[in-house]
Amino acid sequence: MPKNLIIHNLEVRFQLEGDDGALFTRLFNKHIQAWSRLYEEECARAERSGNDRRIGDSGGSR
């Protein structure tokens, strides 16, 4: 898991009226899913990179 971003507390408040609430929900879900996908990809890349470094750290001794 990448350690370049840590959020300890996040509070967001919106006051919406009418159909704006549905629009906000749709856009929020779209963008949070995109962010989540990118975050998961970065975590997987970091894990693969760590695994590759561990393999390389064996020093070539057999």
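Is Tyr39 buried, partly exposed or exposed? Tyr39 is partly exposed, with a relative accessible area of 27%, where buried means under 20%, exposed over 50% and partly exposed in between (1.4 Å probe, protein chains only). This is a predicted model, in which local features need pLDDT of at least 70 and side-chain atom pairs count only at pLDDT 80 or more, while totals for chains, interfaces and linings use all residues. Residues are numbered from 1 along each chain as its sequence is written, and side-chain values use heavy atoms, with hydrogens and water left out.

**Aromatic pairs**

- A search of the whole structure finds 2 aromatic pairs, a pair being rings of Phe, Tyr or Trp (its six-membered ring) with centres within 6.5 Å, counted as stacked if the planes are under 30 degrees apart, edge-to-face if over 60 and tilted otherwise.
- Phe24 and Phe28 are stacked because their ring centres lie 5.7 Å apart and their planes meet at 25 degrees.
- Phe24 and Phe28 stand 4 residues apart in helix H1 (residues 20-56), so about one helical turn separates them; helices are DSSP runs (H or I, at least four residues) numbered from the N terminus.
- Phe24 is partly exposed at 29% relative accessible area, and Phe28 is also partly exposed, at 44%.
- Trp35 and Tyr39 form a stacked pair, 5.3 Å centre to centre with 10 degrees between the planes, and both lie in helix H1, 4 residues or about one turn apart.
- Trp35 is partly exposed, with a relative accessible area of 44%.

**Segment before the helix**

- Val12, found in the segment before H1, is exposed, with a relative accessible area of 53%.

Methods: Helix = DSSP H or I, 4+ residues; strand = E, 2+ residues; numbered from the N terminus.
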